[in-house]
Amino acid sequence: MRVRVVALVVAVASLAGCGGTNSHRGTDPARAMLANLPSCDRVPLNDDPEISAEVTGLVLPQGARVTSVVEQGVLTTVEATVRMTPLDVRAHYENRDDIDLLRAEDETFEAEVLIRTPQRRMYLRAGALCADGTSLTAVVGPDSDEAGLPQFHND
């Protein structure tokens, strides 16, 4: 009888540990896949020097580190890194009310957004570098279909 009571107590304690506020995290397969990437402590996110980027129409998440700005005619390409996942980057743009989000999609390890600001458009691609670090490539240009901004590919 004593063995059954101990086994029951252990089983109940184990089941109780499965509940709680963090149990929803384990059910998101995309977040679980990103968690399998190397720790960002092992990936050099800060190796390239940070530079200033005063580009009209550039809208990056807070904390983004700009490492390159290249002007190519009417388009400007900006490279940066940020301590967010691509899923969080997409959600960041979806939650902003100061831009017009034209399109957003993600494939767990990569996200793309196309936004409009006054007189400008920005296409951004976010790619996972580590568990919670992402590279950002933004192309900013005039708000025109003829500007040559990258487009989403519909296969």
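Predicted model: local features only at pLDDT ≥ 70, side-chain atom pairs only at ≥ 80, totals over all residues.
Q: In which order do the six strands form the open sheet, and which are the edge strands?
A: Strands of a sheet pair through backbone hydrogen bonds, either parallel or antiparallel. In this model the pairing is antiparallel, and the six strands follow the order β1-β2-β6-β5-β4-β3. Each of the edge strands pairs on one side only, and these strands are β1 and β3 (100-106).

Q: How many bridges join strand β1 to β2, and which residue of β2 is the bridge partner of Val-70?
A: Strand β1 covers residues 65-72 and runs antiparallel to β2, to which seven bridges join it. In the hairpin of β1 and β2, two residues stand between the strands, and Gly-73 there takes a positive phi near 65°. Within β2, the bridge partner of Val-70 is Thr-77.

Q: Which residue of β6 is the bridge partner of Val-82?
A: The strands β2 and β6 pair in the antiparallel sense over seven bridges. In β6, the residue that partners Val-82 is Thr-134.

Q: How many residues has the largest nonpolar core, and with which residues is Leu-58 in contact, neighbours within four places in sequence left aside?
A: In soluble globular proteins, nonpolar side chains tend to be buried together. The largest nonpolar core here has 22 residues, and Leu-58 is among those with the most contacts inside it. The elements giving two or more residues to this core are β2 (75-82), α3 (86-94), β4 (110-117), β5 (120-130) and β6 (133-142). With neighbours within four places in sequence left aside, the contacts of Leu-58 are Ala-53, Val-78, Met-122, Ala-138 and Val-140.

Q: Is Thr-117 buried or exposed, and which residues is it in contact with, neighbours within four places in sequence left aside?
A: The place of Thr-117 is in strand β4. Its relative accessible area of 12% is under 20%, and therefore Thr-117 is buried. Leaving aside neighbours within four places in sequence, its contacts are Gly-57, Val-59 and Ile-99.

Q: How far apart are the closest N and O atoms of Asp-98 and Arg-96?
A: Side chains of opposite charge can pair when their charged atoms come close. Asp-98 counts as partly exposed at 47% relative accessibility, and Arg-96 also counts as partly exposed, at 25%. The two form a salt bridge in which the closest N and O atoms are separated by 2.7 Å.

Q: Which residue forms a salt bridge with Glu-112?
A: Glu-112 counts as buried at 9% relative accessibility. The closest N and O atoms of the pair are 2.9 Å apart, and the partner is Arg-125.

Q: How many salt bridges does a search of the whole structure find, and which residues do shared partners join into one network?
A: The search finds nine salt bridges. One of them links Arg-116 with Asp-100; Arg-116 lies in strand β4 and Asp-100 in strand β3, so this pair ties together parts that are 16 residues apart in sequence. Through shared partners, salt bridges form one network of Asp-100, Arg-116, Arg-121 and Asp-143.

How values were computed: Residues numbered from 1 in each chain as written. Heavy atoms only, no water. Core = buried A, V, L, I, M, F, W, Y, C linked by side-chain atoms within 4.5 Å. Buried < 20%, exposed > 50% of the residue type's maximum accessible area, 1.4 Å probe, protein only. Helix = DSSP H or I, 4+ residues; strand = E, 2+ residues; numbered from the N terminus. Contact = heavy atoms within 4.5 Å. Pairing = 2+ DSSP bridges. Salt bridge = Lys/Arg side-chain N within 4 Å of Asp/Glu carboxyl O.
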